[in-house]
Amino acid sequence: MKEFEELKPFLLRKRELRHLSSIIYYDMQTRAPIDGLEDEADIWGGIDTQYNEIIKSPEYIKAVKDFAFAPGKDLQLQRLADLLLREVEDNERLTLKQLEEWNKAISESNSAWRQAKKTNDFQSWLPHFEKLVELKKGLLRIKKKDCHETLYDVALDEYEPGETQKQLDAVFGPLKKTLLELLPQVMKRQENADIPAVLPHSIDSQRHLTPKLLELIHYDLSRGAIAESAHPFSDALGINDARITTEYDLEDYHGNLSTVLHEGGHCIQFQNWPKSHYDLFLENYATAALCETHSRFYENLLGKSRELAPRLLSLCRETFGEEFLTMTEEQFYRGENVVKPSLIRCDADELTYSLHIIIRYELERDLLNGDLEPKDLPKKWNEKYKEYLGVDVPSDSLGCMQDTHWSEALFGYFPSYALGNLYGAQIMKAMEKDLDIKGLLAKGDLLPIRKWFAENDFAYDYLKPEDWIIKVTGEKLNPQYFIDYLKDKFLA
Ligand SMILES: [Zn+2]
């Protein structure tokens with residue numbers, strides 16, 4: 001198609017710049033010396049400027065519009081056109097001055113938050129946070145379309161196109177009710193469980209476990225890389241390059257185990273997109289919830305299952321020896337699945353995790369819709385932690401300032417994590433119709449699972465989430481699968 005061919009050079013250049021930006025980011029987070037960071041950050045910023053120059057250039061905008069309005073596109077090209085046009089139109093609504101003011105507010109808020117978190121001083125961050133919320137609301141008003149009922153709908157649209165506050169309320173409402181009923185019952189059952197103490201393991205021995213875990217899930221090490229960073233992440237740099245980072249804790253090997261399966265799960269998706277995704281520039285268009293579906297699937301639905309526990313235990317025996325030699329499979333499984341209401345979202349168990357997310361969802365929804373003032377955030381946060389999780393929040397650093405998201409104006413992102421859990425449980429049911437998952441996990445054979453994903457899921461993840469989940473499972477999102485999964489797992 002002529003219009004696509006004319007657009008291609010721009011898309012290739014955008015891809016190159018994104019690749020370079022990812023390499024520098026990966027380096028800054030993992031290997032770069034502290035004194036070299038400033039220079040590297042400047043170069044990183046320069047690449048960002050070049051990228052913005054392309055997407056703001058009249059030539060690029062014309063090429064996108066010609067392509068978007070040309071007839072005769074197939075489903076995949078139409079989707080690409082819709083996504084590119086949306087990006088262009090959103091950009092066109094904002095002036096360069098507004099964008100600059102916005103980026104400055106984010107960077108000031110983020111550095112004030114870093115300092116405030118260190119000193120537990122919410123009041124010092126508050127003026128920056130108030131400004132950020134006001135600016136965000138202004139930008140959302142500019143972007144608001146007829147399909148958006150609330151400002152929060154506009155924010156959601158940036159991460160989960162098509163998702164609405166109404167839909168989330170309908171999904172999170174019953175989920176919250178069930179979780180609040182389940183939690184005390186599960187805690188009671190767990191009281192007498194035989195849960196082994198966690199002993200320290202050298203960082204070096206934990207480093208040996210990482211590739212074994214990645215091999216188990218069939219992450220392709222020849223098309224990936226592993227490094228260490230304070231905040232683990234993964235990134236799809238290109239068709240043959242999907243990297244992860246992890247973090248080692250001497251006192252607790254669980255963190256690395258979960259992180260590697262989580263980030264490895266992300267990369268299973270990146271490494272198994274069909275080549276046509278790359279030919280048509282459709283890589284990296286899966287939404288945040290679609291990506292979190294696969295990472296949380298590998299981390300929890302597979303990684304914390306009773307069936308995979310013997311295999312993971314034997315890898316721990318090979319790597320660590322010591323207490324794992326006498327630990328039973330049942331003890332190992334229990335140790336992987338301790339339910340414990342806590343202050344921190346990141347290490348939360350499968351049951352309480354969604355409550356952490358629902359709290360954030362309710363608060364950010366109210367902030368953007370004007371039902372909650374930024375100054376009242378700590379009070380509301382603490383009330384919800386007490387009400388939902390029974391936890392007393394001792395400080396704002398461990399409370400409403402614990403995540404970086406709001407300091408960078410990432411409003412509307414948190415629901416992706418909980419949606420990922422819901423999608424995952426529904427996909428598990430669909431997969432069970434084709435595969436004996438329990439049998440495969442017991443054998444430690446995860447290859448058919450990766451192949452199933454590639455054929456039935458990843459090949460379609462450029463679709464809108466509402467269409468994608470129907471394509472993969474035959475029905476629209478139904479939270480009951482996740483609720484049933486939790487009941488089966490923790491109460492059976
Ligand atoms: Zn993730």
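I first sorted the lining of the second largest pocket by residue type, which gave 15 nonpolar, three polar and 11 charged residues, where Ala, Val, Leu, Ile, Met, Phe, Trp, Tyr, Cys and Pro count as nonpolar, Asp, Glu, Lys and Arg as charged, and the others, Gly among them, as polar. The model is predicted, so that local features need pLDDT of at least 70 and side-chain atom pairs count only at pLDDT 80 or more, while totals for chains, interfaces and linings use all residues. Residues are numbered from 1 along each chain as its sequence is written, and side-chain values use heavy atoms, with hydrogens and water left out.

I then noted a volume of about 770 Å³ for this pocket. Of its 29 lining residues, Tyr-333, Tyr-485, Asp-488, Lys-489 and Phe-490 are the closest to its centre. Helix H21 gives the most to the lining, with seven residues; the elements giving two or more also include helix H8 (165–190) and helix H14 (329–336).

Next I checked confidence: the protein chain averages a pLDDT (the predictor's confidence in each residue, from 0 to 100) of 93.

Which residues of H19 are buried? I found Ile-449, Arg-450, Trp-452 and Phe-453 to be buried, meaning under 20% relative accessible area with a 1.4 Å probe and protein chains only. Seen down the axis of H19, these buried residues fall within an arc of 160°, so they line one face of the helix.

Note on methods: On a 1 Å grid over the protein atoms alone, a cavity is a set of points where a 1.4 Å probe fits but cannot get out, and a pocket is an open set with protein on both sides within 12 Å along at least five of seven lines; lining residues have an atom within 4 Å of a point. Grid points are joined across faces, edges and corners, and a volume is the space filled by probe spheres set on the points. Helices (H or I, at least four residues) and strands (E, at least two) are DSSP runs, numbered from the N terminus. Buried means under 20% relative accessible area, exposed over 50%, partly exposed in between (1.4 Å probe, protein chains only). The arc is that of the directions from the helix axis to the C-beta atoms.
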